[in-house]
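Please open the model in your viewer and keep the selection tool at hand. The tour below moves from stop to stop, saying what to select and what is to be found there.

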Amino acid sequence: MGESKCSIDLVNTGLKMWCTLGIQVPVVCAPMATGSTAKLVTQVVLGGGFAFIPAGYENVRHLREELATTRSILSSSGQSHSLRLAVGVGFYGWKLDQDGDGANAMLDAALQAGVRAIWFSFGSELGKYVEYVRESDTNTGRKTLIFIQVNSVDEALKAVNEWHADIVVAQGIEAGGPGANYAPPAFNLVSSILSALPPNAPPVLAAGGIINGAQIAGFLALGAAGAVLGTRFLLTPESAYTGPQKAALLISDSTSTVRSHAFAHARGTFGWPGNIDARGIRNKLVEDIENDEELSVVQERLADATKHGMSDYMVIYAGTGAADLHDIVEAQDVVKELYREIIARLRATQSILIEPKKVVIEPED
Ligand SMILES: Cc1cc2nc3c(=O)[nH]c(=O)nc-3n(C[C@H](O)[C@H](O)[C@H](O)COP(=O)(O)O)c2cc1C
């Protein structure tokens, strides 16, 4: 991956951001409640990318434990030399709202661990949490980068102009797990956001359905600073997905995923903003919810299926990219492979521009 401390000179956009994060590959592993583990997050970082621990629905004690495990794995790999922790933590805005007074304690757990970044998603009142992080930074003299995930141009403008995000994550409709049912496809969304933001605006990352370096190269060419991947990292030995969940992803095709509220209902995770649903594998669980089966019956069947590893009635969040994933690959290797693919595709694309010069085009009469 090269000797230099920060080898990302692919594009100038976002260069500073990647160097601040101390990473070499413009790839971020999304915070994935139910999908991430400390092991996954650390392996992505050791591979040269950046990764977020999901705070999800967890409490402070659990988050502290995850952070401690992360630090210990990075230390034993010789990668944690400072008080900073080379990962981020992802928070749901609506969940922090629900936590009320407990929200600051959750943020403190991340900030006291010295994480390099904090990710906020799915909240309309994120300003106060951003403010809290900024105040903490003023007191400690640290800089914690704030990522805000958005699903529309208006949300991007709010994230930049009102909340002063350091990085905007543009999540398209293809994304696995929770997302907005009104989001355009990621390529359109990134393009629209880049057109709407002023030239000195923060870097924009693309998210949703991205699984390979060619796609990331496409987003870099569009003007994004990098990409956020979730589903691709579920198919690693380090993810929290069970064997049956991974097997269901491996046999999925382009018709297998659906956006639905069924997953949250079945899991009993209520409180989501109304237009936030989730993408996952369409199975009997989804059909039962669509057919108005009693929630208690669905939840009983889900518990039973989870216990016995029956994937046709489990919650399996997945993005549209799952259709083209056919192997389980170690997370470090995924990041390295993505890096090679990005470079190869950008070089190949550049040659398209050089080749035509050799062609002599005769002027028409
Ligand atoms: C299993 C799973 C869990 C997720 N959990 C979270 C989460 O805790 N917080 C969040 O902001 N986004 C979450 N997401 C969405 C990701 O942030 C990201 O936008 C998405 O994974 C990108 O799409 P992809 O999965 O197609 O790569 C989750 C996605 C998946 C697949």
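Begin by selecting His 164, which lies in the loop between helix 7 (153–162) and strand 6 (167–171), helices (H or I, at least four residues) and strands (E, at least two) being DSSP runs numbered from the N terminus. His 164 has a positive phi of about 55 degrees although it is not a glycine; most residues other than glycine have a negative phi. Before going further, note that this is a predicted model, in which local features need pLDDT of at least 70 and side-chain atom pairs count only at pLDDT 80 or more, while totals for chains, interfaces and linings use all residues. Residues are numbered from 1 along each chain as its sequence is written, and side-chain values use heavy atoms, with hydrogens and water left out.

Because Asp 166 lies in the loop between helix 7 and strand 6 and Lys 143 in the loop between helix 6 and strand 5 (145–150), the pair ties together parts that are 23 residues apart in sequence. Asp 166 is buried, with a relative accessible area of 18%, whereas Lys 143 counts as partly exposed at 39%; buried means under 20% relative accessible area, exposed over 50%, and partly exposed in between (1.4 Å probe, protein chains only).

Next, select Glu 337 and Arg 232, which form a salt bridge with the closest N and O atoms 3.4 Å apart. The pair links distant parts of the chain, with Glu 337 in helix 15 and Arg 232 in helix 10 (residues 231–234), 105 residues apart. Glu 337 is partly exposed, with a relative accessible area of 26%, while Arg 232 is buried at 8%.

For the last stop, select Asp 292, found in the loop between helix 13 (284–290) and helix 14 (295–308). Is Asp 292 buried or exposed? At 69% relative accessibility, Asp 292 counts as exposed, and Asp 292 has a positive phi of about 60 degrees although it is not a glycine.

Key. A salt bridge is a side-chain nitrogen of Lys or Arg within 4 Å of a carboxyl oxygen of Asp or Glu.
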